[in-house]
Amino acid sequence: MASVENESKDFVQRAVIITDPQKAVTEYFISKQEERQCIKKYPEWDRARTCPATEVIRARQELTRVEETLKEKRAEQEMKRKHMDTQWEEAREQNLLLRQSFVKFDKLVKENVEKRERAEQKIKEEREHQEKCTREIEELEQKLCYMRDIRDKMQRYVAEYKKFQNYLDRVVNETGEFQSINEIFNRYETLVEVRQALSDHQDKNLQLLEEKGSEIHHLSEAKSQMLMRLSNKLAQLQARYDRAKVQALKWETIVSRIKETAAAKNLELTQVKACCWNIYQQICKRKEIPVKVSSEDVEQQLVHIKRTILELRRIIKAVKKKAREERGAPQE
């Protein structure tokens with residue numbers, strides 16, 4: 001029985017891990033991060049905005065690259081200068097040898113002249129290349145000064161707009177109602193949409209009221225003219241009876257329309273009061289303050305709503321001003 005168990009254990013073999021465990025864990029986390037970046041799609045309003053600190057870091061990186069390039073150019077120029085000095089020494093030595101053997105080796109002198117011309121041409125080319133490198137160094141130095149000015153300007157911008165970020169952070173920390181600055185902007189956008197919806201609803205109701213009033217006026221005029229014509233036709237037969245009947249019909253019609261209009265107005269007033277009460281309760285809930293105004297005191301509710309809208313308007317102006325300054329910053 002024991003031999004059977006040993007034979008069954010021999011068939012089970014553990015897999016040998018060849019790769020480094022630490023490297024495998026690193027690759028696993030990198031793949032998870034890439035997967036999250038590929039899947040998540042943030043909305044337009046939640047995109048990362050351009051930060052001045054990022055621009056400062058980018059400017060510093062560009063400054064470092066420029067300085068390294070400048071060092072390489074200077075080292076290259078020094079090597080070429082040494083090479084040119086060596087070539088000048090060799091040319092002088094060759095010139096002395098050629099002068100000493102000028103009489104015996106006329107043909108060699110001619111070759112030396114050709115070599116000298118080639119050397120001068122090469123020296124000329126090297127000088128031109130040296131001048132070109134000097135101009136490039138000057139351009140790089142100008143670019144370095146420009147990048148330093150940009151760095152100083154970005155630091156000033158960061159110091160200037162830091163107070164607004166501190167203010168919003170203080171609002172988040174002190175109120176406890178918001179978790180981040182983005183929630184403040186979302187709340188502001190929601191209130192703006194609600195205000196626009198209420199304004200549109202009020203304009204629509206006013207327009208409908210004007211249209212109904214004009215219709216009632218025209219209808220009253222038409223009915224009055226019709227009643228006048230009928231009363232004129234029947235005046236000879238039953239003047240007193242028809243006149244009383246027409247007047248009764250007229251007033252009954254007017255009273256019924258007044259009742260309908262009053263009922264519609266009462267319903268509209270009730271809806272407006274309910275909307276005001278709901279908005280006031282939402283504002284108190286958002287601000288975490290107790291509801292002190294009665295549900296029937298619409299005037300105080302509207303005063304509180306108006307005060308809240310004015311506060312939001314001031315925040316809107318501050319945000320728009322900041323946005324204009326951010327748009328104007330890259331142009332400078």
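Residues are described here as buried under 20% relative accessible area, as exposed over 50%, and as partly exposed in between, with a 1.4 Å probe and protein chains only. The structure is a predicted model, for which local features need pLDDT of at least 70 and side-chain atom pairs count only at pLDDT 80 or more, whereas totals for chains, interfaces and linings use all residues. Residues are numbered from 1 along each chain as its sequence is written, and side-chain values use heavy atoms, with hydrogens and water left out.

The chain contains 6 helices and 0 strands, where helices (H or I, at least four residues) and strands (E, at least two) are DSSP runs numbered from the N terminus. Along the sequence the pattern is accordingly written α-α-α-α-α-α. Of the 332 residues in the chain, 14% are buried. The chain exposes about 28100 Å², of which carbon and sulfur atoms supply 55%; accessible areas come from the Shrake-Rupley method with a 1.4 Å probe, and for residues only the protein chains shown count as cover. With contact taken as heavy atoms within 4.5 Å, 61% of the contacts between residues at least 6 apart in sequence join residues at least 24 apart.

I137, found in helix α4 (residues 106-175), is buried, with a relative accessible area of 10%. When neighbours within four places in sequence are left aside, I137 is in contact with L70, K73, R74 and Q77. The C-alpha atoms of I137 and K71 are separated by 9.6 Å, although these residues are 66 residues apart along the chain. Q77, which lies in helix α3 (residues 52-100), is likewise classed as buried because its relative accessibility is 15%; with the neighbours within four places in sequence again set aside, Q77 is in contact with Q130, T134 and I137.

A search of the whole structure finds 10 salt bridges, each defined as a side-chain nitrogen of Lys or Arg within 4 Å of a carboxyl oxygen of Asp or Glu. In one of these, E62 pairs with R65, the closest N and O atoms being 2.2 Å apart; the two residues are separated by about one helical turn, because they are 3 residues apart in helix α3. R65 is partly exposed, at a relative accessible area of 44%, and E62, R65 and K143 are linked in a network of salt bridges. In helix α3, R92 and E89 are also 3 residues apart and therefore separated by about one helical turn, and their side chains meet in a salt bridge with an N to O distance of 3.3 Å. Both residues are partly exposed, R92 at 45% relative accessibility and E89 with a relative accessible area of 44%. A further salt bridge joins the side chains of R151 and D152 (3.7 Å, N to O).

On the surface, K163, R195, R313, R314, K317, K320, K321, R324 and R327 gather in a patch of positive charge. Such patches are made of residues with over 30% relative accessible area and no salt bridge, like charges being joined within 9 Å. The largest share of the positive patch, 7 residues, comes from helix α6 (residues 298-328). R327 lies in this helix α6 and is exposed, with a relative accessible area of 55%. H304 also has its place in helix α6, but counts as buried at 14% relative accessibility. Leaving aside neighbours within four places in sequence, H304 is in contact with Y280, I283, C284 and I289.

Notes. Patch = residues over 30% accessible without salt bridge, like charges linked within 9 Å, V, L, I, M, F, W, Y side chains within 5 Å. Lys, Arg positive; Asp, Glu negative; His and termini not counted. Charge placed at Lys NZ, Arg CZ, Asp CG, Glu CD.
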